[in-house]
Amino acid sequence: MSETASTMVDVIYPLRGQALPRDHRRALAHALERLLPWLAEPGQSGVHRVNVVAGDDATALLSKRARLMLRVRRERVPDLAPLQGAVLNVAGFRVELGTAMVVRELLPHMTLYAHLVTTADDDELAFMGSIEQELDALGVPCRPICGRRQVIDDNGARVTGYSLMLDGLSHAGSVRVLEAGLGGNRRLGCGMFVPHKSGSAVRA
């Protein structure tokens, strides 16, 4: 393992099905945790959002290139075996995971992006204050750029967050953010960062 290798990795499965609820985060987490209860333990994993076909309907179509991607601790990868070929019931929608599992290393990048980061703050200014505190606690100097405000539902509770870009990261700082994430709700796909080459995505 290189000096920049992360303690976490992304594990990717092909995802076959017709559709999912557009707001499927919580239902997907529950379906996965029924097979692997340890996925709900703090610090063990996160569930990346599934990219669905754009639209305004409550039901979203799945493309043929849809994937399920989990971020898990490296030593937990063998424990994911029950997911290979598994059929999930996600709020009444049937989806099947492929048997081919791909493990992807988390590589440092000077610019990272998260589609949604949630904190206890509803106001953008307070949100950015919380993010700066978390970055300070991680010892990660960088330039955070706040993006679009979003609201998701978690079992009837209103969860507010923003897209977020971090620019000017060192290699060590980038690895820390990839491992730890920012904010809460990892099981809902929040606070997990991926490399990005352009600052324009934060307002997309």
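Biologist: How many residues line the largest pocket, and which lie nearest its centre?

Modeller: This is a predicted model, in which local features need pLDDT of at least 70 and side-chain atom pairs count only at pLDDT 80 or more, while totals for chains, interfaces and linings use all residues. Residues are numbered from 1 along each chain as its sequence is written, and side-chain values use heavy atoms, with hydrogens and water left out. A pocket is found on a 1 Å grid over the protein atoms alone, as an open set of points with protein on both sides within 12 Å along at least five of seven lines; a lining residue has an atom within 4 Å of a point. Here the lining of the largest pocket comprises 25 residues, and His48, Asn51, Arg67, Met69 and Val194 lie nearest the centre.

Biologist: What is the volume of the largest pocket, and which strand gives the most to its lining?

Modeller: A volume is the space filled by probe spheres set on the points, which are joined across faces, edges and corners. For the largest pocket the value is about 560 Å³. Strands (E, at least two residues) and helices (H or I, at least four) are DSSP runs numbered from the N terminus. Strand 9 gives the most to this lining, namely four residues. At least two residues each come from strand 5 (67–73), strand 8 (102–105), strand 9 (111–118) and strand 12 (194–195).

Biologist: How does the lining of the largest pocket divide by class?

Modeller: Ala, Val, Leu, Ile, Met, Phe, Trp, Tyr, Cys and Pro count as nonpolar, Asp, Glu, Lys and Arg as charged, and the others, Gly among them, as polar. The largest pocket has twelve nonpolar, six polar and seven charged lining residues. In the second largest pocket, the division is four nonpolar, four polar and five charged. That second pocket, of about 370 Å³, has Arg22, Arg25, Arg49, His115 and Gln150 nearest its centre.

Biologist: Which residues line the largest cavity?

Modeller: A cavity is a set of grid points where a 1.4 Å probe fits but cannot get out. The largest cavity holds about 40 Å³ of space. Its lining consists of His24, Arg25, Leu28, Val47, His48, Arg49, Val50, Arg187, Leu188 and Gly189.

Biologist: Why is strand 1 described as largely enclosed by the rest of the structure?

Modeller: Buried means under 20% relative accessible area, with a 1.4 Å probe and protein chains only. Strand 1 (residues 8–17) is largely enclosed because seven of its ten residues are buried. Two strands pair if DSSP finds at least two bridges between them. Strand 1 pairs with strand 5 in the antiparallel sense over seven bridges, where Pro14 stands opposite Arg67. Strand 1 also pairs antiparallel with strand 8 over four bridges, and Val11 stands opposite Val103 there.

Biologist: Which residues touch the most other members of the largest nonpolar core?

Modeller: In soluble globular proteins, nonpolar side chains tend to be buried together. A nonpolar core is a set of buried Ala, Val, Leu, Ile, Met, Phe, Trp, Tyr and Cys residues joined through side-chain atoms within 4.5 Å. In the largest core, of 25 residues, Leu32 and Leu80 touch the most other members. Strand 1 supplies the largest share of this core, four residues. Beyond its neighbours within four places in sequence, Leu32 is in contact (heavy atoms within 4.5 Å) with Leu39, Val47, Leu68, Leu70, Leu83 and Leu88.

Definitions and conventions. Buried means under 20% relative accessible area, exposed over 50%, partly exposed in between (1.4 Å probe, protein chains only).
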